[in-house]
Amino acid sequence: MAALLCLSASVQAQTAPSSSTPLLRELTLRTDTTRYSLSRHTIAVQGEPNLYFYYRQDDETAELLLYPLSWQKPVRLRRSADFVLLDSLTAVGSQYYRTKIRFKDLPAARFLQLTFTQANDSTGRPPLTQTVNLLPVTRTTLEFKPNDTELFVGEEKVFDLTSNNPKNIRVSSEWTKGQDIDWRIVQEKGQLRLRVVPNELGTRLLTVRPQTERPFLTDNNRRLSYGLPPLRQEFTVKASRLRFLSVDKKEITMDEAARRRGVEIILDNGRTFDLKRTYRIEDQEEAGGALMAELFTRQYLTNDRVLCWLRVYNTHRQTDSYLYIKENDQAKYITNFNISPKTAISSVQVRHRGGDWSPSLNVNPGETVDVRLEGESLQKARFHFEDVAIIPSDSSIRSDAAVVYRVQVPQTIDKRRVTIFNAGQPTGYALAVKEFQRPHPLDFVAVNFGKVRG
C-alpha cells in the first residue's frame with residue numbers, strides 16, 4: 001500500500017506564492033504501503049502549510065504523480081541536495097507526469113521542498129514556479145526497563161534504553177537541575193543510555209521526558225509534537241557511597257608556589273561540583289580532620305573532567321590514608337595523591353673501599369667510592385655528579401630520607417670539585433678531588449755492563 005498525498009486546487013493556493021499562478025491540479029506522493037490524502041493531511045509549521053508523510057527508512061523512495069493545470073508547457077522538477085531523481089519526469093498521455101525520487105537522510109533534512117517550474121507563454125518573462133513544502137514524520141518508541149532500582153546519593157548510574165529509532169532520540173550534554181533524581185540521555189557507540197544521579201534519600205520517582213529530533217503527529221494528526229510519553233520509574237535511594245575521583249598528577253611538591261598560587265590539576269567530574277568554589281581536602285572522613293589541601297574548581301572540560309587549582313598545606317603519602325573532598329564538613333568524594341616537601345639535602349658522606357662513612361668529601365682520581373645523601377624527599381630527586389660516572393649497584397639505597405650512589409672518579413679528571421646536581425640545578429654540595437694534576441712522564445738512566453767505552 002502506498003502513501004498518497006493529494007494536492008487539490010484549494011491547497012494549491014496555500015503551497016504557492018499568492019503572486020504566482022498554481023501549476024498543479026493535484027500531486028500524489030506514494031511511499032511504502034500507507035496512503036494519505038494531501039487535502040486532509042496538511043499541517044501548518046511556523047505559519048506555512050506542509051504536506052506530511054510518514055517514513056520508516058532514512059533513504060525512503062517515493063513515486064510522484066503530477067497533475068498540471070495546463071499542458072501547454074512541460075513541467076519540470078528542480079533538483080535538490082535533499083533527494084536523488086531516480087527517473088526523469090515523464091508525461092503519461094495527457095493525464096499526469098510520473099517520476100521517482102529517493103530522499104537523503106530524512107532525519108537530518110530541514111526545510112524539505114519540491115519545487116516545480118513551467119515556462120511562461122510570454123517571451124522574456126520568468127517561468128512559473130510552485131513550491132510544495134514536505135514534512136517527513138516518523139513513529140518512535142522508547143522503553144526503559146532497569147534491572148536494578150537501587151541508587152546512592154551523588155553516585156552516577158547508567159542504564160540502557162531501547163528504541164525502534166535511536167537516531168531520532170534527542171541526546172543532551174546537560175544534566176537536569178534541582179530534581180530528586182537528575183538525568184540526561186546520551187548515545188555511546190550507537191547505544192542509547194540514560195545517566196542518572198540521585199540527590200535525595202528514600203523512595204523517589206524518576207520522570208524522564210524524552211524529546212525526538214523529528215516530530216510526530218498527535219490528536220488525530222492535527223498537532224505536531226517532539227515530546228515522547230514520559231518514562232517513569234521508582235528507585236530506592238540510599239545514603240551516599242563515596243566515589244573515587246582520579247587526579248592527573250599523583251605527586252605534588254609542597255613549596256611556596258603550591259601553597260599560595262596552587263598547582264593546576266585535572267580531576268574527574270564529581271557531578272555536584274560548583275564552578276568557582278573552594279572545597280576542603282582532609283585526611284579523615286569525619287569532621288575536624290587536618291587540612292591537607294584546598295581544591296578550587298575553575299572550568300569543565302570536554303572529556304567530563306574539571307580543571308582545578310590545588311593548594312597544599314601538609315604532607316601526605318598515599319599509603320597513609322585516602323584524602324576526602326568535603327563540602328561544609330561533609331565528605332563528598334575521595335581521592336589520593338602524594339604531597340611531599342621540596343627536596344632538601346642535610347648531609348653528604350663518602351665511604352672509601354674498606355673504610356667507614358666519613359663527612360670528609362675528599363676523593364682521589366681513579367677511585368671508586370660510595371656517596372650517601374641524607375635529607376627530605378630524596379626519592380623523587382634526579383641527582384647526577386659532574387663528569388663522574390655512576391655505577392649501578394645491587395646494594396644501592398633509595399628512600400625519601402637517604403640515597404646512596406656508587407661513583408667512579410676518572411683517572412684523567414682535571415677538576416678540583418665534582419658538583420652534585422639535582423634536575424640540572426647545583427645542590428650546594430661537591431666532592432673535593434685531592435689530586436687533579438696529571439703526573440709528568442719519568443726520565444730513565446741508561447746503565448751499561450761490561451767494558452767501558454773510551
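Okay, the overall surface to begin with. The protein exposes about 25,800 Å², and carbon and sulfur atoms supply 46% of that; the areas are Shrake-Rupley values with a 1.4 Å probe, and for residues only the protein chains shown count as cover.

Some housekeeping. This is a predicted model, so local features need pLDDT of at least 70 and side-chain atom pairs count only at pLDDT 80 or more, while totals for chains, interfaces and linings use all residues. Residues are numbered from 1 along each chain as its sequence is written, and side-chain values use heavy atoms, with hydrogens and water left out.

What is it built from? There are 37 strands and two helices, taken as DSSP runs numbered from the N terminus (H or I with at least four residues for helices, E with at least two for strands). Of the 454 residues, 41% count as buried. Buried here is under 20% relative accessible area, exposed is over 50%, and partly exposed is in between, with a 1.4 Å probe and protein chains only. Contact means heavy atoms within 4.5 Å, and among contacts with a separation of 6 or more, 60% come from residues 24 or more positions apart.

Let's go to strand S10, residues 128–137. Seven of its 10 residues are buried. S10 runs parallel to strand S3, residues 48–54, with four bridges joining them, and Tyr-52 has Leu-135 as its bridge partner. Strand S9, residues 113–118, is antiparallel to S10 and is joined to it by six bridges; there, Thr-117 is partnered with Thr-129. For pairing, DSSP has to find at least two bridges between the strands.

Now, which residues have the most contacts inside the largest nonpolar core? They are Leu-66, Leu-77, Ile-101, Phe-103, Leu-114, Phe-116 and Leu-134, in a core of 24 residues. Strands S1 (24–30), S3, S4 (61–68), S5 (75–77), S8 (96–103), S9 and S10 each give two or more residues to this core. A core, by the way, is a set of buried Ala, Val, Leu, Ile, Met, Phe, Trp, Tyr and Cys residues joined through side-chain atoms within 4.5 Å. Apart from that core lies another, of 23 residues, including Ile-252 and Phe-337. Back to Leu-134: leaving aside neighbours within four places in sequence, its contacts include Leu-29, Phe-53, Phe-103 and Leu-114.

On to strand S27, residues 323–327, where five of five residues are buried. Leu-323, Ile-325 and Glu-327 point one way, Tyr-324 and Lys-326 the other, and all are buried. S27 is antiparallel to S24, with three bridges, and Glu-282 stands opposite Tyr-324. S27 also pairs with S28 in the antiparallel sense over five bridges, and here Lys-326 stands opposite Ala-331. The S27 and S28 hairpin has two residues between the strands, and Asn-328 takes a positive phi near 55 degrees.

That brings me to backbone angles. Most residues other than glycine have a negative phi. Phe-111, in the loop between S8 and S9, has a positive phi of about 55 degrees, and Phe-111 counts as exposed at 73% relative accessibility. Lys-189 also has a positive phi, of about 55 degrees, and sits in the loop between S15 (181–188) and S16 (191–198). Lys-189 counts as exposed too, at 90%.

Last topic, the rings. There are 11 aromatic pairs in the whole structure. Rings of Phe, Tyr and Trp (its six-membered ring) pair if their centres lie within 6.5 Å; planes under 30 degrees apart are stacked, over 60 edge-to-face, and the rest tilted. Phe-144 and Phe-159 have centres 5.5 Å apart and planes at 70 degrees, so that pair is edge-to-face. Phe-144 is buried at 12%, and Phe-159 is buried at 7%. Phe-273 and Tyr-333 make a tilted pair, 5.3 Å centre to centre with 55 degrees between the planes. Phe-273 is in the loop between S23 (263–268) and S24 (278–282) and Tyr-333 is in S28 (residues 330–335), so the pair ties together parts 60 residues apart in sequence.
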